[in-house]
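Subject: Structure handover

Hi,

Here is the structure I promised to pass on to you.

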Amino acid sequence: MFEYFLSLSPIWQAFLAGLFTWGCTILGSSFVYFFRSVNRKLLDSMMGFAAGVMIAASFWSLLSPSLDYAEADYGELAWLPAATGFLAGGAFIRLIDYIVPHLHLSKPIEQAEGNKQLTKGLSKTTLLFLAITIHNIPEGLAIGVTFGALASQIASADASIMGAIGLAIGIGLQNIPEGSSLALPIRAEGYSRKKAFWYGAMSAAVEPIAAVIGAIFVLSMTAILPYALAFAAGAMIFVVVEELIPESQSNGHTDIATLSLMLGFVVMMILDVALG
């Protein structure tokens, strides 16, 4: 099976990796069939863990390779595409945040963000769903550009594929608590388990789509590879700083959330270094 996966094109590999991370979200959403509500302390620790995974992945799987790929063409200015792409990625997610109506988990519906005209008439559940969906876009892009980078001859093929697989595993690990962090609060709002599960599971449906887009984009224009890697890193860091860390720290469980962030960081670091 693994040999078959290696024989596929980077686009198909990115798609299958995106399906894997989506499957992890589905697994996390299935917790709604076993629990009616989520302990806030546990939820904050899960968000902290997810933040740690994304921070580590942003550096070891995206920014560091971006600098390596850029060095061949930019020399001492290898930092330029990394810095440009990183800032562009954050600006991209901020633009989506500004346009798409959404709601952070700990806030009342009156504090929904995004286009106010579009927000009118949307339920709290829909707004929560849109918030998580927005945050899954950079994860899918990260997977796509990482597998798309496999077409480059700069790095060792074996190291590249294992690093890409490590990134997919890391994102999948943090998608499990992410799925439950959406499905369980929706269940606590009084919705049926089936509906809560559906919302949680479908919030990550965008990941395989974004993964394919990222891979195609990089393969069609290989010169943008260092920019694309840094772009995905910037988008992920924006999500971490704007959403995950503030949410995990807003309910008085700062110590457990911080320790969970450090654990998530170490887990992703080990995955990336060991496999990459």
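The axes of α4 (residues 79-99) and α6 (residues 124-148) cross at roughly 150° and come within 10 Å; axes are lines fitted to C-alpha atoms over the stretch in contact, with angles from 0 to 180 degrees between N-to-C directions. Helices here are DSSP runs of H or I with at least four residues, numbered from the N terminus. On the α4 side, F92, I93, I96 and D97 make the contact, and on the α6 side I134, I137, P138 and L141 do, where contact means heavy atoms within 4.5 Å.

A word on the model: it is predicted, so local features need pLDDT of at least 70 and side-chain atom pairs 80 or more, while totals for chains, interfaces and linings use all residues. Numbering starts from 1 along each chain as its sequence is written, and side-chain values use heavy atoms, without hydrogens and water.

Helix α6 also holds N136. N136 counts as buried, at 0% relative accessibility (buried is under 20% relative accessible area, exposed over 50%, partly exposed in between, with a 1.4 Å probe and protein chains only). Beyond neighbours within four places in sequence, N136 touches N175, E178, S203, A204, V206 and E207.

Residues 196-218 are 87% helix and 0% strand, with the end C-alpha atoms 36 Å apart.

Best wishes

Notes
Helices (H or I, at least four residues) and strands (E, at least two) are DSSP runs, numbered from the N terminus.
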